Amino acid sequence: MNVITKTIQLADGRTISIETGKVAKQADGAAMLRMGNTVLLATVCAAKEAVPGTDFMPLQVDYREQYSAAGRFPGGFTKREGKANDDEILTSRLVDRVLRPLFPADYHTEVYVQVMLLSADGIDQPDALAGFAASAALAASDIPIEYPISEVRVARINGEYVINPTFPQMKEADMDIMVGATKDNIMMVEGEMDEVSELDLIGALKAAHEAIKPMCELQEELSKECGTDVKREYCDEVNDEELREQVRKETYDACYAQAQSGDNDKHHREEVYAQIKADFVEKFDAAHTELTADELAEKHEMIDRYYADVERDTMRRSVLDTGKRMDGRATDEIRHIWSEVDTLPMPHGSALFQRGETMSLSTCTLGTKMDEKMVDNVLEKSYQRFLLHYNFPPFSTGEAKAQRGVGRREIGHGHLAWRALKNQIPTDFPYTVRLVSQILESNGSSSMATVCAGTLALLDAGVPMKKPVSGIAMGLIKNPGEDKYAILSDILGDEDHLGDMDFKTTGTKDGITATQMDIKCDGLSYEILEKALMQAKAGREHILGKMMETMSEPREEMKPQVPRIEQMFIPKEFIGAIIGPGGKIIQQMQEDTGATITIEEIENQGKIQVSAPNKESIDAALGKIKAIVAVPEIGEIYEGTVRSIMPYGCFVEILPGKDGLLHISEIDWKRLETVEEAGIKEGDKIQVKLLEIDQKTGKYKLSRKVLLEKPEGYVEPQRRPRPDRGDRNDRRPRRDGEHRGDDRRPRREENQNETND
């Protein structure tokens, strides 16, 4: 084995090691990354040739966590890892988005990257290391990449930027951002923040980039030692430069004119561009009748690629030359916005939000604690009380295809919107909240439309949001070698596809709450990033103002169909009394009242939530709970239930689980020989007063007669005096040798002796 190990040290003294040549040697490249007790294995394999007709980069990244890494068993009946969970998919997307730009534009061979978490102690966060491990595996292979990358997490803790913080440190952070970059440029950003400023975000990106640079240099050294700095040769495209020039010459002017037309109808633009290409193909075929059908098909594939380049170049040139975009807007202009709330009659909250040709229908459902989502991942076991699900049906873009299961893109877009909104739900709001965004139309930034529609749906449901949130997607046009550039607000789908940046930011009026950025060009300066952020801020504020015209405050009264929830806190020691043996008491209360009751221990006290469709059920359940946790007070009058009858009185339950003795002398003013004389029997409801609580035993002394009117002429019975026995000193003194009891009956032994005599 030719084992090569490289080590790098973080600013806080922790080290990260990369090892290759020891395991997974049949893969094209493999790297074992270790940080403390966290170990990841990254492997990469590429096909030898591209599939004919492929004109894109078929990259697949798969990140998986093994439960054995944390010494745990997987849940479920099979007790083994199954399909990837949401967190694994989100980490896979983070790695994919930063790796994809590394490959040459003409490389179309299938590449599979797999990253496995093999060991973890719950201190260091493995998702922040996955990108570094994957790029190291590529560096140790001969698969062609243009430059290595790395990823780090940066958090701000007590005003300081911390690289790759631990799980415990994250509890104090107000920023959580993942950054992917090469040695020279930032490529990917995603994270959430607690309403931070644009300059704070720039500061975090700079801190992350400084940490990434030495990681990239380490991989360059690793590649040289492995002998993989010279990459494999490939030929995934066949080109005809004469045809490329012909396509450009004959279609450029028509495409540029369309880019300058200001046509704001997406489908009409598509038809115009398609017709320009169809006219060229028809003319080309007529001029090349000597070509066979297969030769024509090959030329048509080339024409498709070359024409796509013409579309891209003319759109970009139009913006840079005149500042005019495809739909006629200025670079900082936002499309027309329209919204409404209470769109649907039965959901607890609903809203429509449309910006240009992008529309989201969002619904809000309010539930109880029992509706929370349980997260049971390798390194996390928790409950989520705010859920957001994003759906992207094919009809939203006019595609004629079936809708399958939820894809990675839908999970990623929904997660971004979830991050944008989650911190604006008050922590003491008793409901579990679920937002669902159905994208009904899409032409640019449907995830940001989800944030806007989601905010309005929350307000319509009566959720007391801390602050409303809006979102916007920014784009960039910057040609290599040119100083001129254009930052685009509220980008179209084509501007995302043909441009150099997709930069989404969400926030309140006071700061950014979430961001996601993918950069496709080289040499993006912090000056451009800062300008893009400030332009995005102006756009967010404009969109938020339009939203507030529709609804600016949460609905004062929740809709009738919303389940009502009341919550209360009780001393910790009463939790068991409310639940009862095997849950018997709490289940009986739910059956009797029709309410749903949940209880949990929080900070040494019990938190109880009672939910029901009507107030009567809630009041009944709360009454039963309060009776259990109530502490009897001397002098209070209770309506109790007779539980048992004894010769000396009866026991009365004055509160659930709390019985007191009603002595026979305290039942009535008249003298009773038996309890039954007063007409009392088991199960009767009677009113009693608590007279006394024994401080030693905690027993309750009750009285019924003090609540009855005293009979006229009633005389309190006098106690008979005890006979006077005189002073103990006046008694006859004992004689010497005389013992107390000498004059009493003889002992049994003496009597027995007399009998024997």
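**Strand β12 and the annotated aspartates**

Gly349, Ala351, Phe353 and Arg355 point one way from β12, whereas Ser350, Leu352 and Gln354 point the other way, and all are buried (under 20% relative accessible area, with exposed meaning over 50% and partly exposed in between, for a 1.4 Å probe and protein chains only). In a regular strand the side chains alternate between the two faces of the sheet. The model is predicted, so that local features need pLDDT of at least 70 and side-chain atom pairs count only at pLDDT 80 or more, while totals for chains, interfaces and linings use all residues. Residues are numbered from 1 along each chain as its sequence is written, and side-chain values use heavy atoms, with hydrogens and water left out.

Strand β12 (residues 349-355) is largely enclosed by the rest of the structure, because seven of its seven residues are buried; strands (E, at least two residues) and helices (H or I, at least four) are DSSP runs numbered from the N terminus. Five bridges join β12 to the antiparallel strand β11 (residues 337-341), and seven join β12 to β13 (residues 358-367), also antiparallel, where pairing requires at least two DSSP bridges. Alanine 351 is the bridge partner of valine 341 and stands opposite serine 362 in β13.

The UniProt annotation "binding site", from an unreviewed entry, covers Asp496 and Asp502; positions follow the numbering used here, feature names are shortened, and annotations may be inferred rather than shown by experiment. Aspartate 496, in helix α10 (residues 493-498), counts as partly exposed because its relative accessibility is 26%, whereas aspartate 502, at 8%, counts as buried.
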